[in-house]
Amino acid sequence: MGGSKTSVLLLSMVLFSGTSSDAHSLSYNFTIDPQPRDDQPWCEVQGEVDQKVFLSYDCGTAKIKYMSPLGEEVKSMNAWETQTVTLRDTGDLLQEQMPDVTPEKHIKGPLTLQARMTCWHEDNGHTNASWEFGFNGQLCLCFDSENGHWTVVYPGGRQMKEKWENDRAVTDFFKKVSMGDCRAWLQAFLVHWEKMLNTSASLTMGRSAVQPKAPAIKHITWILPVVLTSFTITVFLG
């Protein structure tokens, strides 16, 4: 990400409604740095299930760091190899497109491209997906994968929108990865994710049953998010 001083932290502020335990989301945060320092990757991807980080992937070296028990659990899945190839292909595409979508009025200096892909289950069982893009931590452009609509939220995204909405290959790629691949991965991950949630809940209940006279202890367990609405607001902090 261009060194610790220039690292960009992506914080997603999601509007929620409802309390369904069936609501789940899967996100991938891409950071593309065309001029990385010697010890930094040109492309880094962070994966999240229900907004909990479970992996970090380096597109260039294909190295994966598993950041949670879920990451260790899913690495043996059949879809895992396919997923890493798709993440690398996405990183390659973003790097290839970056020169053509960089704002013309960009001031000289380091420039990084951030992209966030999210797919989620809605309360009615329908799966939706979206993309968000920005430069140097500033959100610029949103893409609704279901209806193909592009929305500029900052002037720096105008050139990006003009380029991509007229490029059928790029638009189709974003739709396919988010509505197809991401949705399939989410469904596959949830088998392991929910098993871990059930195990955690069972262990917590077991402790309470074994020690009924012990002082009440507040156990920290996995927390399911409430239902995602049909749109997401993401704040990029530089």
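Predicted model: local features only at pLDDT ≥ 70, side-chain atom pairs only at ≥ 80, totals over all residues.
A disulfide joins Cys 43 to Cys 59, with a distance of 2.1 Å from sulfur to sulfur. Cys 43 belongs to strand S4, whereas Cys 59 sits in the loop between S5 and S6, so the bond ties together parts that are 16 residues apart in sequence. Both residues, Cys 43 and Cys 59, are buried.

In general terms, a disulfide is a covalent bond between the sulfur atoms of two cysteines. A search of the whole structure finds 2 disulfides. The other bond joins Cys 119 to Cys 182, again with 2.1 Å from S to S. Its torsion about the S-S bond is about -80°, and the disulfide of Cys 119 and Cys 182 is therefore left-handed. This pair links distant parts of the chain, since Cys 119 is in strand S7 and Cys 182 is in helix H4 (residues 168-210), 63 residues apart. Cys 119 and Cys 182 are both buried. If the bonded cysteines are numbered in sequence order, the pairing reads 1-2, 3-4.

Cys 140, by contrast, is in no disulfide. The nearest cysteine sulfur belongs to Cys 142 and lies 9.6 Å away. Cys 140 has a relative accessible area of 2% and is buried. For Cys 142 the relative accessible area is 17%, so this residue also counts as buried, because the limit for that class is under 20%.

The chain has 4 helices and 12 strands. An open sheet of 8 strands runs in the order S6-S5-S4-S3-S7-S8-S9-S10, with antiparallel pairing. At its edges stand strand S6 (63-66) and strand S10 (149-152), each of which pairs on one side only. Neighbouring strands of the sheet are turned by 15° against each other on average, with direction ignored. Within the sheet, strand S3 (residues 25-32) and strand S7 (residues 113-121) pair in the antiparallel sense over 8 bridges. As part of this pairing, Ile 32 stands opposite Leu 113 in S7.

Helix H2 (residues 80-101) lies across several strands: S3, S4 (43-49), S5 (52-58), S6, S7 and S8 (127-135). The direction of H2 is at about 45° to S3.

A pair of aromatic rings is described by the distance of the centres and the angle of the planes. The count comes to 13 aromatic pairs. In one of them, the rings of Trp 131 and Phe 174 have centres 4.8 Å apart and planes at 50°, so the pair is tilted. Trp 131 in strand S8 and Phe 174 in helix H4 are 43 residues apart, and the pair thus links distant parts of the chain. Trp 131 and Phe 174 are both buried. Ring pairs also link these two residues with Phe 30, Phe 133, Phe 143, Trp 150, Trp 164 and Phe 173 into a cluster.

Finally, the chain may be considered as a whole. Of its 238 residues, 46% count as buried. Among contacts with a separation of 6 or more, 60% are between residues 24 or more positions apart. The accessible surface comes to about 12,800 Å², and 54% of this surface belongs to carbon and sulfur atoms.

Note on methods
Residues numbered from 1 in each chain as written. Heavy atoms only, no water. Pairing = 2+ DSSP bridges. Helix = DSSP H or I, 4+ residues; strand = E, 2+ residues; numbered from the N terminus. Axes fitted to C-alpha atoms, helices over the stretch in contact; angles between N-to-C directions. Contact = heavy atoms within 4.5 Å. Disulfide = S-S within 2.5 Å. Buried < 20%, exposed > 50% of the residue type's maximum accessible area, 1.4 Å probe, protein only. Areas by Shrake-Rupley, 256 points an atom, 1.4 Å probe, with all protein chains shown as cover. Phe/Tyr/Trp six-rings, centres within 6.5 Å; stacked < 30°, edge-to-face > 60°.
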